[in-house]
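Please read them alongside the sequence and the coordinates.

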Amino acid sequence: IGLMSYLNRERISRAKALLSCGNISIKEAAYESGFQDEKYFMRIFKRHEGMTPLAYKTAFQKSFINH
């Protein structure tokens, strides 16, 4: 895999961990995980995860609350 693919995968992994904490915004998660552009972050996140960061955060919170 290419360098950018590897970096984006690692950044998305970090962003998922941040989003699952609950008290962080999408914009903060993007910047904290190494993305300089929030729109680019959302596009890459959706490409890797099949859903937007907001949908991921919402789904994680709902599953956490239900368990």
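1. Tyr56 counts as buried because its relative accessibility is 17%, where buried means under 20% relative accessible area, exposed over 50% and partly exposed in between, with a 1.4 Å probe and protein chains only. This is a predicted model, in which local features need pLDDT of at least 70 and side-chain atom pairs count only at pLDDT 80 or more, while totals for chains, interfaces and linings use all residues. Residues are numbered from 1 along each chain as its sequence is written, and side-chain values use heavy atoms, with hydrogens and water left out.

2. Tyr56 lies in helix α4, which covers residues 53-66; helices (H or I, at least four residues) and strands (E, at least two) are DSSP runs, numbered from the N terminus. Apart from neighbours within four places in sequence, Tyr56 has contacts (heavy atoms within 4.5 Å) with Lys16, Leu19, Phe45 and Met51.

3. Ser5 is 51 residues from Tyr56 along the chain, and the C-alpha atoms of these two residues are 20 Å apart.

4. The protein chain has four helices and zero strands. Its radius of gyration, taken over C-alpha atoms, is 12 Å, close to the 11 Å given for 67 residues by the globule rule (2.2 Å times the number of residues to the power 0.38), so the protein chain is as compact as a globular protein of that length. The C-alpha trace spans about 40 × 20 × 15 Å along its principal axes.

5. Of the 67 residues in the protein chain, 27% are buried. Among contacts between residues at least 6 apart in sequence, 45% join residues at least 24 apart.
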